[in-house]
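Subject: Structure handover

Hi,

Here is the structure I promised to pass on. Have a look at it first, and then read on for what turned up.

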Amino acid sequence: MGGKLLILGLLMVSGGAVSIALGYSVQRRDQVLKNWPSVPGTVVSCSIVKTTQARLRVPATRGGASPEPTYRQDPVWAIVVEYHYSVDGKMHTGHEATSALLLENVRGNESAPSDRMRSLAARISPEAHADVHYDSVDPHQSYLIYIDDPGKARLFQTGGICMIGGILVAGCSKLL
């Protein structure tokens with residue numbers, strides 16, 4: 001029994017380390033996005049809409065070939081924006097309101113976007129001038145407002161919990 005607990009503990013620690021490594025990768029990506037250069041642009045339109053997000057569903061199988069995956073359409077709130085900007089004399093059209101994908105699940109008929117989403121959308125006024133942050137390697141990639149990736153904190157939290165739990169489980173295996 002102690003050997004199985006030790007293996008479980010080591011697997012938990014390993015999974016936690018992978019989760020923390022992924023969180024660090026997202027952190028590095030966020031830092032790169034935060035430092036993109038900016039140019040003046042013009043906002044054409046901005047609104048919060050109820051839309052859908054396709055999520056992959058892979059049915060669980062026991063043995064044999066795995067069946068075709070399907071997609072589930074979940075209702076979400078999203079900021080939809082269009083803006084124009086110029087880099088090196090070339091005009092571009094952008095559609096990314098924020099540096100990280102920001103979607104919120106629609107929870108029932110009475111659901112409304114969060115205060116955070118409404119606040120971000122309020123900062124993007126149609127017909128107003130805005131700083132457009134763009135990728136200097138690929139100027140077609142752009143966004144208007146920098147935000148930390150919302151998934152980053154969950155990766156660090158999950159990693160920490162898995163590592164602590166794994167250490168505790170591995171330590172308990174020594175007692176048995």
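The largest nonpolar core has 22 residues. By nonpolar core I mean a set of buried Ala, Val, Leu, Ile, Met, Phe, Trp, Tyr and Cys residues joined through side-chain atoms within 4.5 Å. Buried, here and below, is under 20% relative accessible area, exposed is over 50%, and partly exposed is in between (1.4 Å probe, protein chains only). Inside this core, the residues with the most contacts are Ile79, Val81, Tyr85, Ile124 and Leu144. At least two core residues come from each of β1, β2, α2 (115–122) and β5 (129–134), and β2 gives the largest share, with 6 residues. Those labels are DSSP runs numbered from the N terminus: helices are H or I with at least four residues, strands are E with at least two. As general background, nonpolar side chains tend to be buried together in soluble globular proteins.

Before you go further, please note that this is a predicted model, in which local features need pLDDT of at least 70 and side-chain atom pairs count only at pLDDT 80 or more, while totals for chains, interfaces and linings use all residues. Residues are numbered from 1 along each chain as its sequence is written, and side-chain values use heavy atoms, with hydrogens and water left out.

Not counting residues up to four places away in sequence, Val81 touches Val43, Ser45, Cys46, Gly94, His95, Glu96, Ala97, Ile124 and Leu144; contact means heavy atoms within 4.5 Å. Cys46, one of those partners, is buried, with a relative accessible area of 18%. Cys46 also turns up beside Pro126, which is in contact with Val43, Val44, Ser45 and Cys46 once neighbours within four places in sequence are left aside. Pro126 sits in the loop between α2 and β5 and is partly exposed because its relative accessible area is 45%. From Pro126 to Tyr71 there are 55 residues in sequence and 34 Å in space, C-alpha to C-alpha.

His92 is in strand β3 (residues 90–94). Is His92 buried or exposed? It counts as buried, because its relative accessibility is 7%. Beyond four places in sequence, His92 touches Tyr83, His84, Tyr85, Val87, Pro139 and His140.

Now the charges. Side chains of opposite charge can pair when their charged atoms come close. How many salt bridges does a search of the whole structure find? There are 6, taking a salt bridge as a side-chain nitrogen of Lys or Arg within 4 Å of a carboxyl oxygen of Asp or Glu. These are among them:

- Asp30 and Lys152 pair up with their closest N and O atoms 3.0 Å apart. This pair links distant parts of the chain, 122 residues apart: Asp30 is in helix α1 (residues 2–34) and Lys152 in helix α3 (residues 150–175). Asp30 is buried, at 0% relative accessibility, and Lys152 is buried too, at 8%. Both belong to a network of salt bridges that also links Arg29 and Asp148.
- Arg72 and Asp74 meet at 2.9 Å, N to O. Arg72 counts as partly exposed at 37% relative accessibility, whereas Asp74 counts as buried at 14%.
- Asp115 and Arg118 meet at 2.3 Å, N to O. Both lie in helix α2, 3 residues apart, about one turn of the helix. Asp115 is exposed at 58%, and Arg118 is partly exposed at 38%.

What about disulfides? The structure holds 0 of them, a disulfide being a pair of cysteine sulfur atoms within 2.5 Å. For Cys172, the nearest cysteine sulfur is that of Cys162, 16 Å away. Cys172 is partly exposed, with a relative accessible area of 41%.

Last, the surface. Leu56, Val58 and Tyr71 make a nonpolar patch of about 350 Å². Patches are made of residues with over 30% relative accessible area and no salt bridge, with like charges joined within 9 Å and nonpolar side chains (Val, Leu, Ile, Met, Phe, Trp, Tyr) within 5 Å; areas come from the Shrake-Rupley method with a 1.4 Å probe, and for residues only the protein chains shown count as cover. Val58 lies in the loop between β1 (38–57) and β2 (70–87) and counts as exposed because its relative accessibility is 56%.

Cheers
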